[in-house]
Amino acid sequence: MIEVKNVNKKYGRKQVLKDISFTAEKGEITCLIGINGVGKTTIMKAIMALTPINSGEILMDGEKITKKSFEKITFIPDTITMLPQMKINEAFAFMADFYKSWNPQRAEELLQFFKLDPNERIANLSKGNTAKVNMLLGLSLDVDYLLMDEPFSGIDIFSREQIAEVFTSHLIEERGVIITTHEISDIEHLIDKAVLMDDGAVLREFSVEEVRENEGKSVVDVMREVYRA
Amino acid sequence: MTINFNNRDPVYVQVIRHLKEQIAKGFYEPGQEIPSRRELANQLKINPNTAQRAYKEMEEQGLIFTEGNMPSCITKDEAVLKNVREELIIEAVDLFLGSIKSIDVPLAEVLELVKKKHDAESGEAEESK
């Protein structure tokens with residue numbers, strides 16, 4: 001489980017995270033929802049210790065994030081971090097050098113699933129295919145937790161569907177996933193938990209099936225209530 | 001196999017309903033093997049936890065059974081299977097009656113129309129075969 005407890009963060013005088021608390025279970029998909037600029041990416045960076053926090057605590061399976069944690073948790077940012085002149089298979093080699101948890105069989109499997117050519121240069125890929133390679137690099141690590149920043153934004157519907165399909169497969173099963181999105185409709189049926197954010201704060205955290213069961217409401221219904229209140 | 005899920009009913013409930021419809025249609029025979037939880041999640045594009053929940057619920061309702069590590073199968077209990085069909089028919093009829101009621105039409109007129117429409121549609125279905 002990833003526990004985010006009372007996290008506060010300021011950029012200069014601007015408070016970007018305001019007493020944020022939520023949890024993300026292993027084996028579940030937790031979705032951080034909110035419009036651009038509410039702090040979704042900042043939280044992910046904070047979990048990954050890529051940015052310092054002013055107060056609060058972040059735990060993974062009860063322990064603080066250290067250097068060792070990065071074999072257990074990975075972050076897939078919304079843009080690819082590999083050098084553009086690299087070929088896909090060169091990016092694989094880079095990942096294999098960098099991470100003990102790199103799983104080459106899984107990378108191969110995903111390459112076929114996404115129908116990508118390993119000899120293609122990253123710079124020459126379409127936006128959709130770049131997003132797929134980016135995703136592939138993260139998914140091919142044998143980690144317990146995956147953080148994905150806006151995996152669906154700015155790509156075509158078929159690529160989106162293909163990426164969504166990954167979420168229903170063994171590639172994700174058993175792992176804990178946190179994804180951010182400002183567009184929930186594509187993935188309403190895929191997620192276990194929603195965390196609604198606005199202006200650096202968590203407004204509501206709920207299990208989506210429970211809300212459907214007990215209140216007869218969709219995620220979007222709850223969002224309307226929360227954001228228009 | 002795809003389902004058009006609505007967003008307001010629990011997904012697991014919709015999955016169970018889908019399976020019941022398949023049973024009622026005779027798509028599944030008593031005792032027939034059904035897809036694994038993982039296969040179903042993948043086919044229907046849903047969360048594996050949701051598929052798991054649906055299977056658990058169906059097991060409790062006696063619709064399916066799982067022996068040890070074997071794949072899950074449709075129940076062989078004819079009474080349960082008959083019930084499924086009846087339940088779905090009654091549900092559909094109730095829904096129909098509900099919408100008729102609000103326009104206040106005599107039953108005879110409606111039944112006549114239902115029969116006519118139904119015959120026409122099954123006629124079309126025959127022709128297209």
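How much of the chain is helix and how much is strand over residues 9–77 of chain B? Some notes on that and other points follow.

This is a predicted model, in which local features need pLDDT of at least 70 and side-chain atom pairs count only at pLDDT 80 or more, while totals for chains, interfaces and linings use all residues. Residues are numbered from 1 along each chain as its sequence is written, chains are lettered from A and ligands numbered from 1 in the order in which they are written, and side-chain values use heavy atoms, leaving out hydrogens and water.

1. **The annotated stretch of chain B.** Residues 9–77 of chain B are 52% helix and 6% strand, with the end C-alpha atoms 28 Å apart. Helices (H or I, at least four residues) and strands (E, at least two) are DSSP runs, numbered from the N terminus. An unreviewed UniProt entry places the feature "domain: HTH gntR-type" on these residues; such annotations may be inferred rather than shown by experiment, feature names are shortened, and positions are in the numbering used here.

2. **The nonpolar cores.** The largest nonpolar core has 51 residues, and Met148(A) and Phe167(A) have the most contacts inside it. Helix H4 (residues 127–139) of chain A gives the most to this core, six residues. Apart from it lies another core, of 25 residues, including Val16(A), Leu17(A), Ile20(A) and Ile178(A). A core here is a set of buried Ala, Val, Leu, Ile, Met, Phe, Trp, Tyr and Cys residues joined through side-chain atoms within 4.5 Å; buried means under 20% relative accessible area, exposed over 50%, and partly exposed in between (1.4 Å probe, protein chains only).

3. **Phe167(A) and the cavity.** Leaving out residues up to four places away in sequence, Phe167(A) touches Ile29(A), Met135(A), Met148(A), Phe152(A), Ile172(A), Val177(A), Ile179(A), Leu190(A) and, from chain B, Pro48(B); contact means heavy atoms within 4.5 Å. The structure holds one cavity of 30 Å³ or more, and the largest cavity has a volume of about 70 Å³. Its lining includes Phe167(A), Ile172(A), Asn47(B), Pro48(B) and Asn49(B). On a 1 Å grid over the protein atoms alone, a cavity is a set of points where a 1.4 Å probe fits but cannot get out, whereas a pocket is an open set with protein on both sides within 12 Å along at least five of seven lines; lining residues have an atom within 4 Å of a point. Points are joined across faces, edges and corners, and a volume is the space filled by probe spheres set on them.

4. **The largest pocket.** About 530 Å³ of space lies in the largest pocket. Of its 22 lining residues, Glu161(A), Ala164(A), Asp186(A), Leu44(B) and Lys45(B) lie nearest its centre. Helix H5 (157–167) of chain A and helix H2 (37–44) of chain B each supply at least two lining residues, and H5(A) gives the largest share, six residues.

5. **One side of H2(A).** Ile88(A), Ala91(A), Phe92(A) and Met95(A) are buried in helix H2 (residues 88–98) of chain A. They lie on the same side of H2(A) because they cover an arc of only 105° around the axis, taken from the directions from the helix axis to the C-beta atoms. The buried residues of H2(A) pack against helix H3 (104–113) and H4 of chain A.

6. **Val7(A).** Val7(A) lies in strand E1 (residues 2–11) of chain A and counts as buried, at 1% relative accessibility. Among the residues Val7(A) touches, not counting those up to four places away in sequence, are Leu17(A), Ile20(A), Ile53(A) and Ile58(A).
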